[in-house]
Amino acid sequence: MSSGNQWSADEDEGQLSRLIRKSRDSPFVPVGIAGFVTVVSYGLYKLKYRRDQKMSIHLIHMRVAAQGFVVGAVTLGVLYSMYKDYIRPRFFNS
């Protein structure tokens, strides 16, 4: 399966090495995942101290915060990729 296709899966590649390789290609994806996990962990921690707030409202707020963090990280990744592919070669090419 060595056709040079980047979408083909290698059978001998482990999950950790695959995550590291993907992280090098797009560094903001792990940032988005870490932020999502952080927001969800914080939401679960604050679940105990929500006082008289309804459970559904609390979960909606946590979902919006987690999605916002992930969308922000993906947006930063796209902007970084555009900079790396188009702006830097045009202005900083020696």
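Of the 94 residues of the chain, 10% count as buried. Buried means under 20% relative accessible area, exposed means over 50%, and partly exposed lies in between, with a 1.4 Å probe and protein chains only. The model is predicted: local features need pLDDT of at least 70, side-chain atom pairs count only at pLDDT 80 or more, and totals for chains, interfaces and linings use all residues. Residues are numbered from 1 along each chain as its sequence is written, and side-chain values use heavy atoms, with hydrogens and water left out.

The accessible surface of the chain is about 8,100 Å². Carbon and sulfur atoms hold 63% of that surface. Such areas come from the Shrake-Rupley method with a 1.4 Å probe; for residues, only the protein chains shown count as cover.

Now the fold. The chain has three helices and zero strands. Read from the N terminus, the order is α-α-α. Helices (H or I, at least four residues) and strands (E, at least two) are DSSP runs, numbered from the N terminus. Helix 2 covers residues 28-46, and helix 3 covers residues 55-92.

UniProt, in an unreviewed entry, places the feature "transmembrane region" at residues 27-45 and 65-83. Its positions are given in the numbering used here, feature names are shortened, and annotations may be inferred rather than shown by experiment. In the model, residues 27-45 are 95% helix and 0% strand. The end C-alpha atoms of that span are 28 Å apart. Residues 65-83 are 100% helix and 0% strand, with end C-alpha atoms 27 Å apart.

How do parts of the chain meet? Contact means heavy atoms within 4.5 Å. Among contacts between residues at least 6 apart in sequence, 53% join residues at least 24 apart. Ile 33 sits in helix 2. Ile 33 is partly exposed, because its relative accessible area is 47%.

His 58 lies in helix 3. This residue counts as buried because its relative accessibility is 6%. Leaving aside residues up to four places away in sequence, His 58 touches Gly 43, Lys 46, Leu 47, Arg 50 and Gln 53. Leu 44 belongs to helix 2. Leu 44 and His 58 are 14 residues apart in sequence and 9.8 Å apart in space, C-alpha to C-alpha. Leu 44 has 57% relative accessibility, so Leu 44 counts as exposed.

A search of the whole structure finds one aromatic pair. Tyr 45 and Tyr 49 form this edge-to-face pair, 5.9 Å centre to centre with 65 degrees between the planes. Rings of Phe, Tyr and Trp (its six-membered ring) pair if their centres lie within 6.5 Å; planes under 30 degrees apart count as stacked, over 60 as edge-to-face and the rest as tilted. Tyr 45 counts as exposed because its relative accessibility is 52%. Tyr 49 is partly exposed, at 45% relative accessible area.

A nonpolar patch of about 1,200 Å² includes Val 74, Leu 76, Tyr 80, Met 82, Ile 87 and Phe 92. Patches are made of residues with over 30% relative accessible area and no salt bridge; like charges are joined within 9 Å, nonpolar side chains (Val, Leu, Ile, Met, Phe, Trp, Tyr) within 5 Å. A salt bridge is a side-chain nitrogen of Lys or Arg within 4 Å of a carboxyl oxygen of Asp or Glu. Leu 76, in helix 3, is partly exposed, because its relative accessible area is 47%.
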